[in-house]
Amino acid sequence: MRDIVRQKTSLTEEIEIILNEQIKLEAKASALYLAMASWCDQHGFLYSSEFFYKQSGEEREHMLKIFKYVNDVGGKAFSPEVAGIPQDFDSLKSVFVGGLEQEIANTQALNRVVDLCYKVKDYTTAHFMQWFLKEQIEEEFIFRRALELFEVIGEEGVGTYMIDKKIPDIKYTHE
């Protein structure tokens, strides 16, 4: 039965597998950002907390976009298990460093998806993934600008408080 269904979709098995891996990565990012939001909340960094709550929601939306796409084109999306999410962080800066590392890993994973799409000539999925690649430019930009605040303002005295207050002002305007 599975082979009959597979014949009725343009989605290859290898693309379905890598898209399910991307679904898991987006779910992991959402959970990580939720943990970061909680840590920021507990340590009085309310602006950063709101930033990470929003980021968590966005990653969940990304996961659902891919999840629905897989099902829409005749594949089978799997609800991911997410474990091993850190709940404690050394500092506000380490939270943002972790966020940038997560975004870079996500960009690299998305590039692998698109690369495989071109190799197997799945131009439909490659086209679908373009939105995610464009989104990554903004995601990495925002985390880099946040980390620049630590260099410019510094963490001494009220520095961390000032950095937290500046987080909502970071916008990507190069669209």
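**Note on the predicted model**

1. At 29% relative accessibility, Val97 counts as partly exposed, a class lying between buried, under 20% relative accessible area, and exposed, over 50%, with a 1.4 Å probe and protein chains only. Val97 has its place in helix H4, where helices are DSSP runs of H or I with at least four residues and strands are runs of E with at least two, numbered from the N terminus. The C-alpha atoms of Val97 and Gln42 are separated by 19 Å, and these residues are 55 residues apart along the chain.

2. On the basis of the values, this is a predicted model in which local features need pLDDT of at least 70 and side-chain atom pairs count only at pLDDT 80 or more, whereas totals for chains, interfaces and linings use all residues. Residues are numbered from 1 along each chain as its sequence is written, and side-chain values use heavy atoms, with hydrogens and water left out.

3. The UniProt annotation "domain: Ferritin-like diiron", from an unreviewed entry, covers residues 9–154; UniProt positions are given in the numbering used here, feature names are shortened, and annotations may be inferred rather than shown by experiment. In the model, the span of residues 9–154 is 79% helix and 0% strand, and its end C-alpha atoms lie 54 Å apart.

4. Asn106 also deserves a comment: it lies in helix H4, residues 92–119, and is buried, with a relative accessible area of 1%. Not counting residues up to four places away in sequence, Asn106 touches Gln22, Leu25, Glu26, Glu59 and Gln136, contact meaning heavy atoms within 4.5 Å.

5. The largest pocket has a volume of about 190 Å³, a volume being the space filled by probe spheres set on grid points that are joined across faces, edges and corners. A pocket is an open set of points on a 1 Å grid over the protein atoms alone, where a 1.4 Å probe fits, with protein on both sides within 12 Å along at least five of seven lines, and lining residues have an atom within 4 Å of a point. Among the residues lining the largest pocket are Phe51, Lys54, Glu138, Ile142 and Tyr172. Helix H3 (46–72) and helix H5 (123–153) are the elements that give two or more residues to this lining, and the largest share, four residues, comes from H3.

6. Cys40 counts as buried at 0% relative accessibility, and Cys117 likewise counts as buried at 0%. A search of the whole structure finds zero disulfides, a disulfide being a pair of cysteine sulfur atoms within 2.5 Å.
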